[in-house]
Amino acid sequence: MTFEILPDLTREETLLDDLPDEVQLKIFKFLGIEDIVHCAQVSKRARRICYDESIWEKINLYNKVVPSDFINKILQKGCKYINLEGSKIVGDLKLSRKDYNVKYLNLHRCDAGPGVLEKFINSCQSLQKLSLCHMELDSNAMKSLSHQKLQTLDLSAFRGLNLELMTDILSCRTLTEISFRCIDLPNDSNNLVQYLVENLSNDIEKVSLAGIDCLTDEHIKTLVTRCKKIKELELWGCRNITEDSLTSIVEHCDQMVKLDVSHTNIGFSRNWNDELLKFEMLPVQGRNPFLKVKL
């Protein structure tokens with residue numbers, strides 16, 4: 001006896017080409033940028049859908065080797081959010097316009113040829129958030145910041161900061177959030193920090209000065225006296241500040257909701273150890289310095 005396997009007529013195969021454009025567009029949005037480029041080569045229709053502006057609005061190029069021509073392409077497609085953390089831009093950047101609608105740009109540890117990143121930043125006149133962590137740029141890039149709508153600037157571990165660069169940075173009056181966490185400061189760092197606390201925008205709301213060794217109570221007093229809108233202040237690792245900084249913060253920062261003073265001298269006293277022949281920082285017994293801070 002033989003059996004014949006008949007096709008299941010109740011099943012229907014749906015090919016990608018059978019789907020309407022709007023459905024294919026939603027599917028393509030789940031793909032990575034490399035897959036999008038490959039799909040665009042399948043057909044004219046696929047290419048048209050793959051190059052819809054909504055797909056290119058957010059581009060993640062984390063840890064990639066990126067041809068400079070591709071940067072130009074995504075800018076022309078109207079990309080607004082670009083992540084280039086850990087990436088390397090290869091080749092000279094040739095842009096067809098002077099102004100693109102990029103709102104978020106992450107250049108954390110991004111590597112590129114001379115002048116490429118400066119040209120890139122200068123072309124993004126609508127930037128609202130910029131990360132330059134572990135970077136070193138000249139004043140040509142920083143000067144353009146004052147003409148933008150920048151609100152958030154991350155300069156954590158930034159290298160090569162000097163008074164000229166600091167002046168350009170603080171000329172951006174739209175800033176509400178800035179980080180100088182673990183920044184690489186020059187020998188005349190005290191003057192640089194003094195200029196910072198005297199010229200930071202009065203509208204600043206979030207500030208990180210973590211790891212700045214030369215920061216003092218006087219610096220903190222100057223800062224919080226001027227900038228009364230600060231809601232978050234990060235001071236961990238600032239070894240030269242004392243409880244006097246807390247007093248200044250309590251007196252002037254009515255809107256403070258988050259304060260980090262870990263790894264500082266607050267709550268500790270300096271005592272001489274006869275056995276070790278050196279000073280030690282010992283916790284003050286019987287009192288809690290944070291009781292004065294009503295957050």
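The dialogue below takes up several such terms in turn.

Mentor: Please keep in mind that this is a predicted model. With that said, ask about any term.

Trainee: Why is Ser156 called buried?

Mentor: Its relative accessibility is 8%. Buried means under 20%, so Ser156 counts as buried. The residue lies in the loop between strand S7 (152-154) and helix H7 (163-170).

Trainee: Which residues does Ser156 touch, leaving aside those up to four places away in sequence?

Mentor: Ser156 touches Leu132, Cys133, His134, Ser179 and Arg181.

Trainee: What makes the pair Ser156 and Ser179 a polar contact?

Mentor: The distance given for the contact between the two side chains is 3.1 Å. The cut-off for such a pair of N or O atoms is 3.5 Å, and the contact of 3.1 Å between Ser156 and Ser179 meets it.

Trainee: Let us turn to charged pairs. How do you know that Arg181 and Glu234 form a salt bridge?

Mentor: Their side chains meet at 2.7 Å, N to O. A salt bridge requires a side-chain nitrogen of Lys or Arg within 4 Å of a carboxyl oxygen of Asp or Glu, so the pair of Arg181 and Glu234 qualifies. Arg181 lies in the loop between strand S8 (177-179) and H8, and Glu234 in strand S10, so the pair ties together parts that are 53 residues apart in sequence.

Trainee: Are these two partners buried or partly exposed?

Mentor: Arg181, at 29% relative accessibility, counts as partly exposed. Glu234 has a relative accessible area of 17%, and because buried means under 20%, Glu234 is buried.

Trainee: What makes Arg159 and Glu136 a salt bridge?

Mentor: The closest N and O atoms of Arg159 and Glu136 are 3.8 Å apart, and the limit is 4 Å. The pair links distant parts of the chain, 23 residues apart: Arg159 is in the loop between S7 and H7, and Glu136 is in the loop between strand S6 (129-131) and helix H6 (139-143).

Trainee: What makes the lining of the largest cavity nonpolar?

Mentor: The lining divides into nine nonpolar, no polar and no charged residues. Among them are Leu161, Met166, Phe180 and Ile212. Helix H8 (residues 189-199) gives the most to this lining, with three residues. About 40 Å³ of space lies in this cavity.

Trainee: How is the lining of the largest pocket divided by class?

Mentor: The pocket lining has four nonpolar, three polar and eight charged residues. Of its 15 lining residues, Glu177, Arg181, Ser208, Glu232 and Glu234 lie nearest the centre. The elements that give two or more residues to this lining are S7, S8, S9, S10 and S11. The volume of the largest pocket is about 250 Å³.

Methods. Residues numbered from 1 in each chain as written. Predicted model: local features only at pLDDT ≥ 70, side-chain atom pairs only at ≥ 80, totals over all residues. Heavy atoms only, no water. Helix = DSSP H or I, 4+ residues; strand = E, 2+ residues; numbered from the N terminus. Buried < 20%, exposed > 50% of the residue type's maximum accessible area, 1.4 Å probe, protein only. Polar contact = N/O pair within 3.5 Å; in protein donor to acceptor, adjacent residues only side chain to side chain. Contact = heavy atoms within 4.5 Å. 1 Å grid on protein atoms, 1.4 Å probe; cavity = no way out; pocket = protein on both sides within 12 Å on 5 of 7 lines; lining within 4 Å. Points joined across faces, edges and corners; volume = space filled by probe spheres on them. Nonpolar A, V, L, I, M, F, W, Y, C, P; charged D, E, K, R; others polar.
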